[in-house]
Amino acid sequence: MEAKARGAKLVHVDPRFTRTSALADVHVPLRAGSDIAFLGGIVNHVLQNEKYFREYVLEYTNASVILNEDFRDTEDLDGVFSGLDPNGRCYTPDSWRYEGLEMQAAAGQRDMEYDARVEAATSGHGEATGSGGTALGEGDPNRDPSLQHPKCVFQVLKRHFSRYTPEMVERICGVPRDQFLQVCDLVTENSGRDRTTAFAYAVGWTQHTVGVQYIRTAAILQTLLGNIGRPGGGILALRGHASIQGSTDIPTLFNLLPGYIPMPVAHANENLDAFIAAEAARKGFWGEMRSYFVSLMKAYFGDAATDGNDYCFDYLPRLTGSHSTYETVMAQIDGTCKGYFLLGENPAVGSANAKMQRLGMANLDWLVVRDFSLIESATWWKDGPEIETGEMRTEDIGTEVFFMPAAAHTEKDGSFTNTQRMLQWHHKAVEPPGDARSELWFMYHLGRIIRAKLAGSSDEMDRPVLDLAWDYPVEGGTDDPVAEAVLAEINGRDADGNPLSSYTELKEDGSTACGCWIYAGCYADGVNQPARRKPGKDQSWVAPEWGWAWPMNRRILYNRASADPDGNPWSDRKALVWWDAEKGEWTGHDVPDFVADKAPDYKPPHGSAGAAALAGNDPFIMQADGKAWLYVPAGLMDGPLPTHYEPQESPFENLLYKQQRNPVRHLIDPHPANLYEPSGDSPGAAVFPFVTTTYRLTEHHTAGGMSRWQPYLAELQPEFFCEVSPELAAERDLEHSGWATIISARGVIEARVMVTDRMTPLAMDGRVLHQIGLPYHWGSNGYSTGDSANELLHLALDPNSHIQEAKAIACDIRPGRRPRGEAALALVRSYRDRAGITDRTGTEA
């Protein structure tokens with residue numbers, strides 16, 4: 001809104017007309033699950049009409065690199081890439097490599113090919129590469145600076161997106177041709193030397209079986225237009241939590257260590273040297289991963305981590321496949337996961353296929369729930385839907401549930417890290433009531449008690465816990481750990497115990513300790529940098545003294561790209577950093593994201609490694625070649641280029657390719673509670689003719705644990721509801737403020753009906769598609785109650801991130817309230833029978 005007030009044009013692309021749409025210059029309704037076709041159409045428009053920023057593309061991207069002769073695109077293989085193993089549901093990416101290079105395996109490949117990795121651990125790459133890209137291998141790729149070679153990335157890109165025409169966008173997305181071209185004009189006219197366009201996305205792009213490729217398509221578009229690394233450009237991930245970025249930086253994720261270092265995998269005989277050789281890039285700043293990793297282990301284990309024991313590398317757990325939240329649910333159901341901690345989550349209503357979540361929790365020995373109030377994940381054993389239907393009986397459930405009251409953010413010190421990587425400190429305003437405690441208190445004292453119980457143990461299995469550096473100062477009557485001491489540990493210290501000011505100070509010899517290398521500097525000079533609050537009027541427009549942004553308080557990543565190859569700003573209007581030849585250094589408004597004294601004309605000597613291997617015109621310093629990747633030669637599970645696939649469940653055939661769905665989408669093992677629906681023209685698909693998409697409301701927070709217990713918020717949004725168009729309401733006899741029943745192959749829910757023009761029927765290839773909007777905040781507890789939208793969802797996941805597809809689900813809707821008890825189960829079974837659903841439906845590659 002601030003940008004719009006200063007003259008920016010705001011385009012909102014969303015299936016629903018929302019409060020954001022009402023304030024936008026253009027609202028574009030489209031079919032949920034079709035965004036790659038929409039973005040790909042803009043990419044095609046840019047390429048065909050030569051709207052790209054040619055000098056930026058030529059100098060700063062891999063557009064000129066020539067691909068291996070063996071590579072085959074979706075254009076050659078009708079929707080899949082070379083290297084597909086349909087039986088194993090995975091790609092072997094050997095053919096994706098550059099001509100002249102030996103490539104490493106794709107991110108996630110270690111999940112699929114353990115046997116091959118046992119023989120050669122160094123050939124595997126990380127289950128996830130995070131911010132680091134992936135290693136390129138040895139050699140120098142062949143290039144064609146004219147961008148004319150048929151196998152160069154630029155030409156492959158043009159051919160790949162050539163079928164994404166305005167007419168095809170209209171047929172697939174339901175966006176009229178004229179409106180689509182209006183968006184193309186707005187984006188391209190506001191990009192180039194003097195202007196930049198920003199993309200902001202939320203989980204509407206993330207929660208799909210091709211979610212990573214959604215964002216990849218935006219990255220390709222923004223790179224072609226020269227909008228990366230420049231003020232007013234970039235791609236911003238809008239989040240529904242205050243610290244989602246923080247929980248991936250210092251991760252709550254199974255596959256990463258702090259700072260996006262990959263988690264080791266269960267290779268045979270893998271030591272620290274083999275791990276670093278497999279995971280660290282030879283060039284770029286990820287080439288320094290050993291320093292980041294060793295410093296992390298020193299922060300974890302202190303004096304116990306030495307060169308002689310590989311800095312306790314063997315203490316780390318090992319991945320044996322995907323351990324996402326959904327595999328964990330299956331492990332609970334199978335009986336191999338016996339206990340579970342829930343901190344700040346409410347999977348009984350807030351996770352995909354909520355029934356599977358409750359079935360899993362019902363098979364645990366113990367469950368610890370920490371929250372502000374008695375959320376559904378704490379009470380499902382006595383009042384969950386399965387109790388009503390008779391599928392569970394309270395007296396038969398053996399799970400012992402412990403509820404631990406949690407402190408709110410106003411009742412504890414700590415930091416938030418927001419979507420622009422900025423840490424901001426919040427100070428405790430009041431003491432938490434009663435027995436409520438912070439997560440910091442809970443984890444510290446739990447660890448302290450466990451360590452006390454293990455004291456004196458001679459079992460080697462206990463050494464990692466006993467050797468932890470667990471010496472935090474405490475304060476107050478409840479012995480709360482000092483949050484700033486934890487921030488200081490995350491920041492890191494040198495050999496003399498002094499706070500670090502930059503990750504470039506980290507050493508691989510064990511003399512430095514750092515809990516998260518990208519956060520090094522957040523406690524520079526012993527000062528809590530995230531707590532800074534200098535008003536904007538008292539500092540520059542970059543506002544470097546408000547909070548602290550990783551890394552090194554840099555506000556725009558890759559900002560070397562804001563200057564041309566000679567080091568001069570592309571334009572005075574968009575100047576950010578530049579080369580000062582007189583001083584021999586990079587300077588500007590922001591902290592330069594480049595080696596400070598590396599001149600624009602610097603050429604690395606042959607055989608250089610790490611940061612020294614990057615040339616003076618290689619702005620993307622975390623990439624192995626210093627370039628932005630229009631084409632991804634390694635590092636993704638589902639292809640080097642984004643491709644439109646239909647969602648797991650869709651009322652439509654894929655109009656672009658014979659391949660209907662993402663062939664390597666991640667499917668959970670078959671289970672009676674997680675059956676998939678037929679799609680497209682398959683028999684039975686018409687039983688579920690509509691598309692439903694879940695979303696958030698301003699008045700409620702995620703699964704409702706922080707909002708449905710607040711009277712004023714419950715009054716603002718008092719009941720679970722569905723949004724439908726007047727046309728759909730007429731077709732299905734739905735009455736405004738009445739009741740509707742919504743059914744999928746997994747479950748049935750009821751919702752109040754909101755008949756609204758905000759849901760636009762879409763003209764889809766000669767048919768009309770109706771979409772249904774479902775906010776996902778509700779459950780049975782609190783002041784504001786209702787069914788959970790997540791009862792309808794399946795467990796089909798993105799193969800890179802293992803995130804569920806929640807934004808495009810096929811369903812049916814009918815008037816009236818849902819049946820209760822056994823009758824609800826019978827209704828779902830009747831739909832499955834009509835659709836001919838079996839445990840194999842929808843599982844084909």
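## A tour by salt bridge and sheet

Select Lys428 to begin: with a relative accessible area of 29%, this residue is partly exposed (buried means under 20% relative accessible area, exposed over 50%, and partly exposed in between, with a 1.4 Å probe and protein chains only). The model is a predicted one, in which local features need pLDDT of at least 70 and side-chain atom pairs count only at pLDDT 80 or more, whereas totals for chains, interfaces and linings use all residues. Residues are numbered from 1 along each chain as its sequence is written, and side-chain values use heavy atoms, with hydrogens and water left out.

Glu431 counts as exposed, at 57% relative accessibility. In the whole structure, a search finds 37 salt bridges.

Next, select Lys355 and Glu391, whose salt bridge has its closest N and O atoms 2.4 Å apart. Lys355 lies in helix 18 (residues 354–361) and Glu391 in the loop between helix 20 (385–389) and strand 11, so this pair ties together parts that are 36 residues apart in sequence. Helices (H or I, at least four residues) and strands (E, at least two) are DSSP runs, numbered from the N terminus. Lys355 is buried, with a relative accessible area of 16%, while Glu391 counts as partly exposed at 36%.

From there, move to the open sheet that 3 strands form in the order 9-10-11, with parallel pairing (two strands pair if DSSP finds at least two bridges between them). Its edge strands, each pairing on one side only, are strand 9 (339–343) and strand 11 (400–405). Select strand 10 (residues 366–371) as well, which pairs with strand 11 in the parallel sense over 6 bridges; within this pairing, Val368 has Phe402 of strand 11 as its bridge partner.

Then select Arg16 and Glu723, whose side chains meet in a salt bridge (3.1 Å, N to O). Glu723 lies in strand 21 (residues 721–724) and Arg16 in the loop between strand 1 (11–13) and helix 2 (19–23), so the pair ties together parts that are 707 residues apart in sequence. Both Glu723 and Arg16 are buried.

Conventions: A salt bridge is a side-chain nitrogen of Lys or Arg within 4 Å of a carboxyl oxygen of Asp or Glu.
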